[in-house]
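I opened this notebook to record what I looked up in the structure. The entries follow in the order in which I made them.

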Amino acid sequence: MQALQSLFDALFNLLTPMSVFHVIWASLLGIFVGSLPGLTATMGVALLTTLTYTLDRDAAILVLICMYVGAIYGGSRSAILLNIPGTPASAATSLDGYPLAQKGQAANAMALATAGSALGTLVGIVLLVMLAPPLAEIALDFGSFEFFWLALFGIVISGQLTGGGSALKGYIAGLLGLMVAMIGSEGIHAHVRFNLGLSDLNGGIALIPAMVGAFGFAEVLTVMWRPKGEMVEASARSTSALPRLIDLWRYKFTIVRSGVIGTIVGIIPGVGEDIGAWSSYAAAKKLSKEPEMYGKGSTEGLTAAETGNSAVVPGALIPALTLAVPGSAPAAVLIAALFIHGIRPGPMIMIEQPDFIYNIAAMLILATIAIAAFGLSLTRVFIKILKVPRELLMPIVFTLCVIGPYALTQRVFDIWVMLFFGLAGFILRRMNYPMAPLVLGIILGTLLDKSLRRGLTLSNGDLSPFFTRPISATFAIIIGLSILLSIPAVRRALLRLLPGKRNIPIQDES
């Protein structure tokens, strides 16, 4: 009851004319960013962070939250109309959204996507309010030993779940991120490492330029490399944009299940919205009464995918706020923004600022209301936006990618960092390496390094506390099993030992 009262108080305090103005423009901009292929939620939040310095704390965080929620939702527009996901989170949406558009049901598909996104975010908000405070209390028991394993757990699990067909590529990307994090002054004695003789590297690689490069400039290069998508013309003549209540009621269990799955996926460090969408989609297909329709225009599949990816947003903020460990790439930028505006996320947040989690939940509610209202009323506007030629759009995006990092510190070196990570990110994407583990390695590398060395200092060089403390031992076992089970030979041997699984053919991973 106390949590509900705190949430209502936070919502009431945000209902000011200036806050409503910020919600309107930031949500619209977020939908615009998400709907255009090449503009991702991570890039939008990263670039917008550089423009929030003049805003007060709550207004700045509100703007970034609205951008985040709007961009994840906006990706469904191009997924449905162009069969090109506006953001990676909407890849599963295109499987059924585009076939529905080809059948002349584009408006209905976009309406269901809007309803699914709004309901998924609301499910995630409920779980955020329920889970974040007790998780913060549990995190108070974490020491250097536990935070070392937590950082390693995030990188390993992110690498395994985002690596596609090869967990090894995910692990390699995570290790590359860790290597980048080791550059510059280390956090205990300020000893400079691996600066290659460049004084600009003494402070390490800044997070915002690296993320703008990996998710912004790299995306620009990727979009220009791909062939142009063709919009479904029938969609432009569709005017009805309200979801049918009978459809929402029919899929009520799918919506709740997908919302819970998406939130749980969001809690896992660095996994992201695309995995939430695919996991929800797979669960819905497995339990569906008409699985044969999936991939051919299933409204249930579309609803599950959109509900799942939007539920990840509140879920990703749970570890970000309580552990300072991001659940997704945009959440990583939000952590940086919180520090910039004087908020220290982590286990102490419920002690230092006990109402802040409820403020975040209230901001998410306002963003959800905004995307629902705009998504249902501005269908024709967003269809016109999708017709903007990419030859005009991408130079503007590249200009913002250059201006954004420079605006942070006024250092030309950060522009070179952005360009380097953009080119590296483009090459790695062409080789099917995931970006999320690389960025998570950069973010968690400092935590992993400090925690390992502090733990060794506290134990006088003894490694046993890393394996004998209960929470540390649990993390160590989970990480070990995850790595072992990602090896095809181990999985084959395990399946042979299980009763009834002896004759299952196993496709080896290339």
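I began with Glu 186, which is buried at a relative accessible area of 5%; buried means under 20%, exposed over 50% and partly exposed in between, with a 1.4 Å probe and protein chains only. The model is predicted, so I noted that local features need pLDDT of at least 70 and side-chain atom pairs pLDDT 80 or more, while totals for chains, interfaces and linings use all residues. Residues are numbered from 1 along each chain as its sequence is written, and side-chain values use heavy atoms, without hydrogens and water.

I next looked up the partner of Glu 186. Its side chain meets that of Arg 453 in a salt bridge, at 2.5 Å from N to O; the term requires a side-chain nitrogen of Lys or Arg within 4 Å of a carboxyl oxygen of Asp or Glu. Arg 453 is partly exposed, at 26% relative accessibility. I also noted a network of salt bridges that links Glu 186, Arg 193, Asp 449 and Arg 453.

I then turned to other pairs. By this rule I found 8 salt bridges. Among them, Arg 411 pairs with Asp 414, with their closest N and O atoms 3.0 Å apart. Arg 411 is partly exposed at 28%, whereas Asp 414 is buried at 2%. I also recorded the salt bridge between Arg 344 and Glu 352, where the closest N and O atoms are 2.3 Å apart. Arg 344 is partly exposed at 46% relative accessible area, and Glu 352 is partly exposed at 39%.
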